[in-house]
Amino acid sequence: YIGDCEIHMDISKFNLGVKGIQLYGTLRVILEPLLTDAPFIGAVTLFFLQKPHLEINWAGMSNLLDVPGINVMSDSLIQDFIAARLVLPNRITVPLKKNMNIAHLRFPIPRGVIRVHLLEAENLVQKDSFLGAIRGKSDPYALLRVGTVQYRSKTVSRDLNPIWNETFEFVVHEVPGQDLEVDLYDEDPDKDDFMGSLLISLVDVMNDRTVDEWFPLSKTTSGHLHLKLEWLSLVNDQEMLHEDKKGLSTAILIVYLDSAFNLPKNHFEYSNGDCGAKKIKNNKYLKKMEREPSSFVLLTVGNKTQKSKTCNFSKDPTWGQAFTFFVHSAQSQSLHIEIKDKDRDSALGTSVVCLSHLLKDPNMTLDERFQLDHSSSDSFIKMKLVLRAFNVEEPDPQRVKIGVNASKEGPVRVLEKGENQQKSASTLKPEVSKVPPVSKDSAPLESLPEKDSREDLDTNGSSAAPSETVASLNETERQQNAERFPAAAALHTRAAVVPTLPVVQELRIAPSVTSLGSLPSSCFELSSSNLDLHNGTEMPLGEIQLTVRYASVRQSLVVLVNGCRNLVPSSNRGVDPYVRIYLLPDRRWSSRKKTSVKKKTLNPQYDEKFEFFESLEDVKKRTLDIAVKNSKPFISQERKELGKVQIDLSQEDLIKGFAQW
């Protein structure tokens, strides 16, 4: 939102004002419930998914608030004000129809809890320096955020491969929508240096249930972070409430703080009775004592205390807020409530609710008025308490895990029916084909005996149909996949330009999709164009697996080089392959990307990520030029280029992304 508002104020001799305001964030609007008659929508709920960024251009005397340092303080105060009302878990719900019950819309039960095990990191960048020259080791720590909740890890001194082994838990209210953000910093006496960040999609973790991966850090030159993420579902099952041996929480308590009734005007009204009232009649603060209280509530479970907003000048305040607490032992822990007046230290009333009382209800819920202690005889507080146990569910057996690609900058893999359910998409290794790789000494494929072309082929280790049947099956798969994945269909069209080979060889280079952790059975075949091959035939030189996606938030094209398979050796001594990437037409050496070198292998596995920071419009006009090369000695006469492939990005749905051999 960019507003050109102008506000001018004159206060005494001072001129104050605002010349403009900008607000940047993601606002979610929910229209529910839907009705069969006008107005057709029962209520509107809106909230920000994360704290929005705010910029205010102050004018007049108030432009002092634009002074560096002061402007950060003033803007952050307003951002905190917005967050306290409009950022998850806070939300605004407006009923559009009379007598509409909106309590369940204002305070829905959270979607779940994400348990984050911050384990370790490796190869972090060096940030500490001495006299600007000598690099020292950094002192890394991590900041972890979900919504408005942030935790900080301990600092590991002088270590670029720190080990933390810490555990943090976050309540997740909206999925999709909320993500896990991790920032690494180097702790310094003056200003902490940024060392890299990570943004993880919680919807992928929710589907995978458990993710234990090394994630590459973004916005930095090197570094990986090892996280174990567990998705905990919230269930109404008392049998799941046994205490955790490691001291981790086993349940969540949700407190819906509604209102209070007949609060005393002051502490003396109920503690000293008539005697106290006579003593303070001549007190100069008499008027202040007799006014209605401005009250807030302190809620405590274990060692965690949360504070409500303040309701001014009311003996019947309405707070209308929700709070969550992690519970370790529902049988022994209690919720402590204390209502206080903001102008005085004394309490206006207290209450203690043992969580074991919730276990007597089959729904583990209490919704009632609770009598206040140390208060007037007719003072009550109205709350709804809901207890839910944690449960780590088994993952869907039909789903391949996202794994390391839960990172938002990384693309999301797509699962095909019948795919091996135990394999993670991030850890799929190239299958070793039963047909030997083609070399310069091998006979032309066309001369294979007719019997061989009809032999039963088995890419999955089980019985398969004759090659003609398998070929027709692959063609059916391609047609089905073309309907389901238009981007993949375009890839297959492009791959079809490569000269066709007999069915036996085609099965070797493009097995059925059911045997691969990839999209449809078309492949990025490494072309032999312009290469001096000894056998003189135009034939594929192997395959490369790539995952490509445009990250809108970061304004970058992300290319994940997974690995290669069935490369053709360029010499008898073997090859040391690496992958080189250009985003054409830019062929500058400074803009090229290059993987690490894998020694003596024809099936290298890289799993390395590269980013090109360009707008989506520009990327759509570009072509990815990818070459697999042999890292040879400088004076060697061996052929350096093992194969290459070009991908026209104008034909792809880059926001959706694709993963492809």
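I7 belongs to strand β2, residues 7–11. Together with M9 and I11, I7 makes a nonpolar surface patch of about 260 Å². Patches are made of residues with over 30% relative accessible area and no salt bridge, where like charges are joined within 9 Å and nonpolar side chains (Val, Leu, Ile, Met, Phe, Trp, Tyr) within 5 Å. A salt bridge, in turn, is a side-chain nitrogen of Lys or Arg within 4 Å of a carboxyl oxygen of Asp or Glu.

Before going further, a word on the model itself. It is a predicted model, in which local features need pLDDT of at least 70 and side-chain atom pairs count only at pLDDT 80 or more, while totals for chains, interfaces and linings use all residues. Residues are numbered from 1 along each chain as its sequence is written, and side-chain values use heavy atoms, with hydrogens and water left out.

Now step back to the whole protein. It has 11 helices and 33 strands (DSSP runs numbered from the N terminus, with helices being H or I of at least four residues and strands E of at least two). Of its 661 residues, 47% count as buried. Among contacts with a separation of 6 or more, 65% are between residues 24 or more positions apart (a contact means heavy atoms within 4.5 Å).

How confident is the predictor? The average pLDDT is 75, and 70% of the residues score at least 70 (pLDDT is the predictor's confidence in each residue, from 0 to 100). Over residues 410–525, pLDDT stays under 50, and the model has 196 contacts beyond four places in sequence for this stretch. Residues 527–537 also stay under 50, with 19 such contacts.

Next, look at the rings. The whole structure holds 6 aromatic pairs (ring centres of Phe, Tyr or Trp, the last by its six-membered ring, within 6.5 Å; planes under 30 degrees apart are stacked, over 60 edge-to-face, and the rest tilted). One of them joins F107 and Y256 in a tilted arrangement, 5.4 Å centre to centre and 40 degrees between the planes. This pair links distant parts of the chain, 149 residues apart: F107 is in the loop between α2 (103–106) and β8 (112–122), and Y256 is in strand β18 (residues 251–261). F107 is buried at 19% relative accessible area, and Y256 is buried at 8%. Y151 and F168 have centres 5.7 Å apart and planes at 25 degrees, so their pair is stacked. Y151 is partly exposed at 27%, whereas F168 is buried at 9%. Elsewhere, Y141, Y185 and F194 form one aromatic cluster.

Finally, some backbone details to find on screen. Most residues other than glycine have a negative phi, and most peptide bonds are trans. A cis peptide bond joins E32 and P33, with omega about -5 degrees, and another cis bond joins L584 and P585, with omega about 10 degrees. R158, in the loop between β12 and β13, has a positive phi near 45 degrees and is exposed at 58%.

Conventions. Buried < 20%, exposed > 50% of the residue type's maximum accessible area, 1.4 Å probe, protein only. Areas by Shrake-Rupley, 256 points an atom, 1.4 Å probe, with all protein chains shown as cover.
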